[in-house]
2 protein chains.
Amino acid sequence: LIQTSFYTPVQDDLAEVDLIMRRQAADYHPDLQKALDHILSSGGKRIRAAITLLVGKMYGSEGDVIHLLASAIEMLHTATLVHDDLIDGSLLRRGNPTLNAQWSPGATVLTGDFMFARAARLASDTNSVQVMKIFAETLGIIVNGEISQLFSRRCLADRQNYSTRIYAKTASLFETTCRAAAILGNTTENQIEDMRKFGYNLGMAFQIIDDILDFRGEQITLGKPVGSDLRQGLITLPAIYYLEKYPNDPNAEYLLSEGCLENEKQTVELIQTISQSDAIQLSHQEAVGYTNQALEILTKQPACEARSSLEAITNYIVDREY
Amino acid sequence: LIQTSFYTPVQDDLAEVDLIMRRQAADYHPDLQKALDHILSSGGKRIRAAITLLVGKMYGSEGDVIHLLASAIEMLHTATLVHDDLIDGSLLRRGNPTLNAQWSPGATVLTGDFMFARAARLASDTNSVQVMKIFAETLGIIVNGEISQLFSRRCLADRQNYSTRIYAKTASLFETTCRAAAILGNTTENQIEDMRKFGYNLGMAFQIIDDILDFRGEQITLGKPVGSDLRQGLITLPAIYYLEKYPNDPNAEYLLSEGCLENEKQTVELIQTISQSDAIQLSHQEAVGYTNQALEILTKQPACEARSSLEAITNYIVDREY
């Protein structure tokens with residue numbers, strides 16, 4: 001959990017965002033309220049909400065409108081996780097039971113749908129047609145990314161494919177988060193475009209680090225098995241670097257020629273080798289490349305406490321334990 | 001299929017709506033396009049789109065904006081069907097294979113999500129914040145209705161519950177269809193409220209007739225077994241009337257005391273008895289009550305070809321073979 005000082009400028013706002021999100025099920029079926037409370041209590045970092053609020057603050061957008069946007073973004077993100085966990089059959093997220101671990105598939109699908117509906121409602125409550133448009137567009141991009149992943153062949157080691165995938169999965173929503181928050185503030189078109197790029201770079205870095213952590217973390221911290229991506233046949237950046245650099249490692253060779261791994265032993269070995277190789281460092285450098293661009297963009301924005309927090313978040317993203 | 005004259009004033013518009021809907025997957029994964037084409041080709045009547053266009057025409061809203069709204073409404077409706085069929089495990093709709101009959105549950109969930117996303121995008125393309133808000137709100141109501149149905153006990157014979165359920169399932173979207181179309185036209189607040197009520201009454205009638213057809217239709221026409229609601233423990237209006245009037249029918253008595261039916265034989269018998277009883281006529285009268293209110297509202301609207309078509313649709317809804 002991020003309990004660090006860079007959330008300070010928006011701590012009260014984040015509490016308000018939490019209330020707004022929980023309130024979304026108030027007039028609906030009591031089990032929806034239970035589900036929503038369960039999901040929202042599962043210890044998310046609310047990093048997207050915090051970024052929304054900070055970008056808002058930097059550009060003079062405070063109060064209801066930016067709270068609604070932050071709630072919409074966080075709710076959209078959470079809704080996609082509900083369906084993801086169902087589709088992947090994941091029983092734990094951040095160490096807590098997922099909704100589908102406790103509910104029927106049908107109830108889980110519908111709860112995700114409900115959250116999409118309420119996220120869309122919250123986005124429209126910002127009264128900005130432009131925000132509404134990019135919000136809906138982003139959901140389409142995220143879902144399309146998941147569909148592409150579902151239908152693409154396993155163990156595809158391809159940089160272009162990787163970039164497209166992490167853009168859809170993560171960077172697109174970070175991009176929309178920052179862009180929409182800027183739209184709601186007192187901003188020029190250039191500043192809005194700057195914020196879009198800032199969010200994009202932040203999101204790309206965020207996902208690369210997540211993909212590194214998947215190799216380096218401990219099961220207990222990750223709340224899922226180490227190397228879960230590779231186990232599912234998903235080749236992320238550390239594996240791409242490793243396969244590029246050590247194509248003669250027998251396990252790498254097998255993977256590249258057969259398009260899959262032979263057995264659990266081989267998989268565990270390869271995860272282990274990658275996690276101890278310089279592929280981790282190389283991936284990290286790539287993430288830092290993105291955050292450097294993000295930081296560069298920030299230097300051009302109005303100096304204020306919110307901007308300092310955004311810098312700190314940007315640095316934090318690549319400094320997370322790995 | 002409705003091939004009757006009341007679609008005439010909007011025939012070209014409906015063709016355009018079809019194009020807009022199919023275009024929604026153009027920049028995405030090719031399998032999404034396939035799925036969308038499959039779903040859109042499964043012979044829906046596009047009655048919601050037609051009503052949108054006709055209400056629009058009555059109030060001088062033509063061209064792109066109303067086409068976008070009609071596409072958004074129809075796309076939203078279709079997306080909910082995709083998830084419904086998955087949850088119910090239905091393999092046929094209108095006699096055609098459902099998406100989940102051919103695709104994995106995961107791909108089906110995501111295709112529905114994608115359609116929600118594109119529906120929201122289309123709604124926001126109308127550039128009306130108000131339309132966007134009621135659109136998102138309606139999705140919440142529909143999904144909440146499905147959740148309530150999933151969690152409510154089987155064989156509940158209760159009028160209030162029935163009304164709430166068919167409002168959520170059908171009337172809420174008809175209401176939003178007509179209200180949103182009116183919002184986009186040159187209308188007074190009163191006319192918008194009139195159209196909301198018109199849509200509500202139309203939707204309530206539409207669902208009651210659907211529930212009658214579930215008893216009276218033939219499997220081949222329905223594309224599902226006769227009496228499918230009762231088989232699933234869902235007590236619709238004809239059953240409610242029957243149970244009220246003939247509580248001493250042994251099968252009715254069993255249902256009322258045990259809260260369920262004992263076996264297939266009893267179920268088939270009760271479906272048969274209800275379908276040949278005056279409960280059908282009584283339910284039909286109730287639907288006519290709603291359409292009479294809808295027609296009454298129409299008399300106050302500007303006389304034009306579109307209004308005549310709306311009258312014809314209203315009459316058609318309660319005149320469908322039953």
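## Helix pair H7(A) and H8(A)

H7(A) and H8(A) run roughly antiparallel to each other, and this description applies to a predicted model. The assignment follows because angles over 145 degrees count as roughly antiparallel, and the axes of helix H7 (residues 129-151) and helix H8 (residues 159-183) of chain A pack at an angle of about 175°, lying 8 Å apart.

On the H7(A) side, the residues in contact include Val131(A), Ile134(A), Phe135(A), Ile141(A) and Gly145(A), while those that H8(A) contributes include Tyr167(A), Ala168(A), Leu173(A), Arg179(A) and Ile183(A). Sorted by class, this contact of H7(A) with H8(A) comprises 10 nonpolar, six polar and two charged residues.

## Relation of the two chains

## The interface

Between them, chain A and chain B bury about 3500 Å², with 73% of that area on carbon and sulfur atoms. Leu110(A), Lys133(A) and Phe151(A) supply 16% of the area that chain A buries against chain B, more than any other three residues.

The contact draws 41 residues from chain A and 40 residues from chain B; because 98% of the interface residues of chain A are also interface residues in chain B, the copies meet through the same surface. Six salt bridges are counted between the chains, including one that joins Arg118(A) to Glu137(B), where the closest N and O atoms are 3.5 Å apart.

Methods: Residues numbered from 1 in each chain as written. Chains lettered and ligands numbered in written order. Predicted model: local features only at pLDDT ≥ 70, side-chain atom pairs only at ≥ 80, totals over all residues. Heavy atoms only, no water. Axes fitted to C-alpha atoms, helices over the stretch in contact; angles between N-to-C directions. Helix = DSSP H or I, 4+ residues; strand = E, 2+ residues; numbered from the N terminus. Parallel < 35°, antiparallel > 145°, perpendicular 65-115°, else oblique. Contact = heavy atoms within 4.5 Å. Nonpolar A, V, L, I, M, F, W, Y, C, P; charged D, E, K, R; others polar. Buried area = accessible area lost by both parts, 1.4 Å probe. Salt bridge = Lys/Arg side-chain N within 4 Å of Asp/Glu carboxyl O.
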